[in-house]
Amino acid sequence: MSVRTWKKIITLFVLLLILTTTATTVFFAVKYSKLNDKYTQIINNENLVDLSDYGIENRDELTELICRIENLDQIKADGSLEYQKQYSSLYVENDFNFVETGDKKICYLTFDDGPAPEVTECVLDILKKYDVKATFFVLYKDGSEERKLYQRMIDEGHTIGVHSASHDYSKIYSSVDAFLADFNRCAAQIEEVIGVKPEIFRFPGGSINSYNESIYQQLIAEMLRRGYTYYDWNVSGNDATGYYMSADDIADQVLSSSGSNRNIVLLHDGRGHDATAEALPAIIEGMMKQGYEFGALDNSVVPICFGY
Ligand code: ZN
């Protein structure tokens with residue numbers, strides 16, 4: 001071959017190389033700028049993130065999106081961290097295929113801190129009367145009455161999610177391992193009673209709170225890695241703030257803060273929450289008047305998470 005031909009081949013090769021590099025750079029720049037847009041939106045959202053607004057495509061993206069973890073590679077997949085080697089049964093099959101519900105108005109009533117026989121029975125009776133399905137984020141309870149209530153929740157079409165065994169914030173949020181130990185105890189108890197693994201949960205105090213600030217990213221990443229979906233809330237009855245709330249106050253609080261297409265309502269059915277049970281008929285009727293249907297959460301429902 002002549003020198004000219006060689007020159008031509010080399011020029012062509014260099015051009016091709018430049019083209020490929022540019023294309024790759026542009027591809028990743030676009031991909032990351034899209035993710036960055038999402039981060040920015042979330043960072044700027046001081047209150048809540050309805051993940052249905054963000055078009056999440058897979059678990060890694062969800063994890064990255066929620067946690068904004070820079071060393072995600074270390075945390076996410078390989079299971080090499082010490083706490084990732086623990087609790088080998090604490091996994092659920094979950095592809096994170098969320099079902100979008102569009103403009104449909106849906107209200108998910110959720111009850112934390114139960115079961116407490118005197119309150120939870122009343123709540124279940126009211127839900128049954130209105131044929132409304134709800135979600136219970138339960139505590140570990142070993143009494144025979146409480147065990148019956150776990151079963152009744154399932155028999156009547158509600159969802160049980162994990163809340164906590166000890167509900168002791170400073171203990172469970174002292175490390176990822178401490179959280180997993182507590183979670184595992186509660187999840188195992190539920191599974192033993194109802195015969196199926198709970199797949200969703202609610203962090204005591206919400207996914208980020210003053211107790212878990214230093215570990216919440218690792219914690220959320222680890223729980224998502226294990227296949228569990230968590231739900232914060234965008235409507236609250238303010239029935240566990242420490243201040244007295246009458247049944248009317250609770251109902252007013254819920255109904256006046258309802259408004260988005262998807263309401264995830266925080267209520268409590270632990271001991272002493274009689275006013276919440278008393279408020280329930282007004283809450284249900286009020287939501288119906290506002291045009292909401294009711295649903296129980298499961299891991300196909302797009303989470304609403306605190307924005308941070
Ligand atoms: Zn709680």
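We'll start at a metal site and then hop over to a charged patch.

A quick heads-up: this is a predicted model, where local features need pLDDT of at least 70, side-chain atom pairs count only at pLDDT 80 or more, and totals for chains, interfaces and linings use all residues. Residues are numbered from 1 along each chain as its sequence is written, and side-chain values use heavy atoms, with hydrogens and water left out.

**Stop 1: the zinc ion**

Select the zinc ion. Which residues are its protein donors? You'll find Asp113 (OD), His163 (NE2) and His167 (NE2), lying 2.1 Å from the ion. Donors here are N, O and S atoms within 2.8 Å of the metal (3.2 Å for Na, K and Ca); water is not among the atoms, so sites may look incomplete. Along the sequence, the donor spacing reads D-x49-H-x3-H.

Now pick Asp113 and His163. Asp113 is in the loop between β2 (106-112) and α4 (117-130), while His163 is in strand β4 (residues 159-164), so this pair, 50 residues apart, links distant parts of the chain. Helices (H or I, at least four residues) and strands (E, at least two) are DSSP runs, numbered from the N terminus.

Are these two buried or exposed? Asp113 counts as buried because its relative accessibility is 16%, and His163 does too, at 3%. Buried means under 20% relative accessible area, exposed over 50%, and partly exposed in between (1.4 Å probe, protein chains only).

**Stop 2: the negative patch**

Next, select Asp248, Asp249, Asp252, Asp274 and Glu278, which gather in a patch of negative charge on the surface.

Colour α9 (247-257) and α10 (274-289): each supplies at least two residues of the patch, with the largest share, three residues, coming from α9. Finish on Asp248 in helix α9, which counts as exposed because its relative accessibility is 58%.

Key:
Patch = residues over 30% accessible without salt bridge, like charges linked within 9 Å, V, L, I, M, F, W, Y side chains within 5 Å. Areas by Shrake-Rupley, 256 points an atom, 1.4 Å probe, with all protein chains shown as cover. Salt bridge = Lys/Arg side-chain N within 4 Å of Asp/Glu carboxyl O. Lys, Arg positive; Asp, Glu negative; His and termini not counted. Charge placed at Lys NZ, Arg CZ, Asp CG, Glu CD.
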